[in-house]
Amino acid sequence: MEKHTISVASLPLSDNPIPNNQIKKVDLLPDQESQLNSIEMKEKPLMDSSIPFRDLTDTASKKESIHKLIAKLDVETSLRYQRTVEDTYCNVYSYDYCYFSKVYLPTVWWTDESLEKVLKGEEVEPVFEQTVDRIYSSAIHDWFLEWGASFGWKRMFTVDEIQNKVNADGGIGIICAKRREKGLSGHIVPVVPETDLHKAYRENDEVVYPLQSQAGKLNYNYFSEVRKDWWNDELYSSHVFYYHE
């Protein structure tokens, strides 16, 4: 899902590395209709006890559980992530991937009016399409720059750096690109740990195309070279790389 309804005009294009202790994440409750085999309630967390959460015991358990999660979400075939006439669902898949990895990425975010109240310390109840609304990939790009540090995200600057960090520590990597023309499709993709079967593409031992997993016009459980450096496409005005333990 790519278009954006949240206003991004006021957000800076340079990153804000200082956490803001006033900001609060938006949590909607899981819904029985939010399922892998359904197109309903994509703004809410999946309600499916069989989906594994990332096991934070150690690096090995983190990486093993990430690959179990990718297999279970099965972005290539799950109805929840399939392209429709209206849209694609990269943000829904990235949200689910982060949710079950125990990392915060918004799929809904405060409206401008609600955000002002939250930053003043007022209590605001998340009510869908009233105090919060969907946030799509172009707006998530700016969300990372403004609010990422407040939720534990660290900005990185090369795909080699982010792939090596994901491999070494079993954390969560994200590439997010903002569409040049406002209102059109941006893109957001998790960078995932390499396995014996699935590898990043390297030249001279340096990662050129990281190992990724995506929903979009085409869905891939794993890919690297097939989409090249998609984030540098002229369709996008900017891209960011972020990592979370």
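A: Asp205 is exposed, with a relative accessible area of 73%; exposed means over 50%, buried under 20%, and partly exposed in between, with a 1.4 Å probe and protein chains only. Asp205 lies in the loop between β6 (201-203) and β7 (206-209), where strands are DSSP runs of E with at least two residues and helices are runs of H or I with at least four, numbered from the N terminus. Its backbone deserves a glance too: phi of Asp205 is near 65 degrees, a positive value in a residue other than glycine. Most residues other than glycine have a negative phi.

Before going on, a word on the source. This is a predicted model, in which local features need pLDDT of at least 70 and side-chain atom pairs count only at pLDDT 80 or more, while totals for chains, interfaces and linings use all residues. Residues are numbered from 1 along each chain as its sequence is written, and side-chain values use heavy atoms, leaving out hydrogens and water.

You will find Lys102 in the loop between α2 (90-100) and β1 (108-110), and at 49% relative accessibility it counts as partly exposed.

As for the setting, the protein has 5 helices and 10 strands. Buried residues make up 53% of its 245 residues. Along its principal axes, the C-alpha trace spans about 50 × 40 × 40 Å.
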